[in-house]
Amino acid sequence: MIGNRVHAVQEAGEGGAIRIRWIPKYSAMERVFHWGHTVTFLLLAMTGMILFFPFLRPLARGDGGQLIRLVHRGAAIGYGALPLMYIILEPRRAWMSLKSVFKVSRYDVEWVKGMIPYYMFGRHEAMAPQDRFNTGEKLNAVVIILGSIVFAATGLVMWFGKGLVPIGLFQLMVVLHDLAMIVTVSMFIVHLYLAVVHPLMWAGLVSMRFGVTSAAYAQEHHALWYYGPERAKEIYEAQKAEAESEKE
Amino acid sequence: MSRVAMLIDESICMACRGCQVACKQWNDLPAEETTQRGTYENPPDRSAVTWQLVRFREHVQGDSVQWLFLTEGCFHCGNPACVEVCPTGALKQDPDLGIVTVETDLCNGCGYCTQFCPFGIPRLDTDVLTGEGKAFKCTMCQDRVSNGLTPACVKTCPAGAMDFGDREAMLAKGHARVEELKQAGFPNANLYGEHEMGGLGRLYVLKERPSLYGLPENPQYPVMANLWQGLLQPLGALAFGAAAVGVLGFWVIARRNIPMEEVE
């Protein structure tokens, strides 16, 4: 039961070739949002850090520094516009995603418990069934969403509030902006690892690129989404019982 | 050379604003268009092209009005917050003279100095939308001073209210003048700037409490600057390092333990 072994929905097609049943997972807007956010996030992080870390000082200087600040502002517009586009163009999907990202259940607790054995050692006897986003993806989304709200609020004050707001408030905005940067960039490093580098996690990258996921992968990794809560629970209980009996 | 300071005796200042003009002349700064606001104070505020400004304050005491003048400009703090928060190193403190200057070529216009100065001294000439611009402030005529001259404002002061020299000597002079004022019927007379912000390079002899001149009684180094530079920067480096090392270690362990031939 390791990783992405395709075990349930492979159908032998003509000449015995394996046919994979693809099911839609992300809309085009969602993928544009995701990758647009990736590009603008990286631009913002790189240009922002030049003003943050003293060892990058040479890059922050003079006209080059002004260009970097301009790029930061331009990227910020894109970074803020993308989620708004998503909400305006696909309000129902946006609401659905938002709800599922902030929903916490006991399966999330169990996922966290099973995370280290699974991702480090590939033990996958009985992972708690997951919704369209698994607990890790949800955690990433929550951190990025909350971080982005902090970025937007503090960034707008830093952009337009200079001289208009009390300096104490401005200073607090700078510190919060940087704090949000530290948290989200750390999260980004982990997200990048799990999405691109980790040996088991290629399927997420495929679905974020093409918008589809294989039914087999969805059954195993997103059972709650694929089967619905009742059937997913039944399967999960059965798997746990099987794992128990194997132990004995 | 040791640390230098300007000593400005506000009990002598007659608010002729010669210092304002001399500052503009020496630093080649243009005049500003202004409006009549019913006061001699003019232009209304310091700016990117007005680095020194004489404030006129009316202090009403009983039936008499006291006119308090204050020659505003950079204080050249001994412990300057602007230098610490500047991300380019454009703001620097002369290690010998203690003069704080902005190197315009290095400045990228971020304006952090304007927001972290407890006196609100640096001024930004900027486009709000693009953020392009530069910060400016009094340089204590570093060019003149390092060539053995006094700052232009000090040189021009016809009342003899401004003095310049070794900071220790200026402090001694200031204290002596405060004693004189106290005996002459100004019990609140004081010397401003001896200990504030690591000791200021612009010292004032004042007849009244600093707050009556619009000066902060007890200027504080901004806590947020400490938090930012002292805590957040190392924390950031630590967090990114830990995350990167963490995922690398994770990857090594995962590679070793997960049989890839079983992954389809």
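Predicted model: local features only at pLDDT ≥ 70, side-chain atom pairs only at ≥ 80, totals over all residues.
Visitor: What makes Phe250(B) partly exposed?
Guide: Phe250(B) has 18 other C-beta atoms within 10 Å. A buried residue needs 20 or more, and an exposed one has 12 or fewer. The value of 18 therefore falls in between, and Phe250(B) is called partly exposed.

Visitor: Where in chain B does Phe250(B) lie, and which residues is Phe250(B) in contact with?
Guide: Phe250(B) belongs to helix α7 of chain B, residues 223-257. Leaving aside neighbours within four places in sequence, Phe250(B) is in contact with Met120(A) and Tyr193(A). Contact here requires C-beta atoms within 7 Å. By comparison, the C-alpha atoms of Phe250(B) and Trp26(B) are separated by 63 Å, and these two residues stand 224 residues apart along the chain.

Visitor: How is chain B divided into domains?
Guide: Domain 1 of chain B covers 1-220 and domain 2 covers 223-262. Their C-alpha centres lie 46 Å apart.

Visitor: How many residues does each chain bring to the contact?
Guide: Chain A supplies 42 residues and chain B supplies 40 residues. On the side of chain A that touches chain B, α1, α2, α3, α5 and α7 of chain A each supply at least two residues.

Visitor: Which residues of α3(A) are buried, and what covers them?
Guide: The buried residues include Gly65(A), Ile68(A), His72(A), Tyr79(A) and Tyr86(A). What covers the buried residues of α3(A) includes α1, α2, α4 and α6 of chain A.

Visitor: Why is α4(A) said to lie largely in the open?
Guide: Of the twelve residues of α4(A), the number buried is zero, so this helix lies largely in the open. The span of α4(A) from first C-alpha to last is 17 Å, close to the 16 Å expected at 1.5 Å a residue.

Visitor: What is the secondary structure of chain A, and what share of its residues count as buried?
Guide: Chain A has eleven helices and four strands. Of its 248 residues, 30% count as buried.

Visitor: Why is β10(B) described as largely enclosed by the rest of the structure?
Guide: Five of the five residues of β10(B), residues 202-206, are buried, so the strand is largely enclosed by the rest of the structure. Arg202(B), Tyr204(B) and Leu206(B) point one way from β10(B), while Leu203(B) and Val205(B) point the other way.

Visitor: How do you know that β1(B) and β9(B) each pair with β10(B)?
Guide: Pairing requires at least two bridges. Four bridges join β1(B) to β10(B), and these strands run parallel; Asp9(B) stands opposite Val205(B). Three bridges join β9(B) to β10(B) in the antiparallel sense, and Asn190(B) stands opposite Leu206(B).

Visitor: In which sense do β2(B) and β3(B) pair, and what do they form?
Guide: These strands pair in the antiparallel sense over nine bridges, with Phe69(B) in β3(B) as the bridge partner of Phe56(B). β2(B) and β3(B) form a hairpin with two residues between them. In the turn, Gly62(B) has a positive phi of about 65°.

Key: Residues numbered from 1 in each chain as written. Chains lettered and ligands numbered in written order. Contact = placed C-beta atoms within 7 Å. Domains from an automatic or database assignment. Expected span 1.5 Å × (residues − 1).
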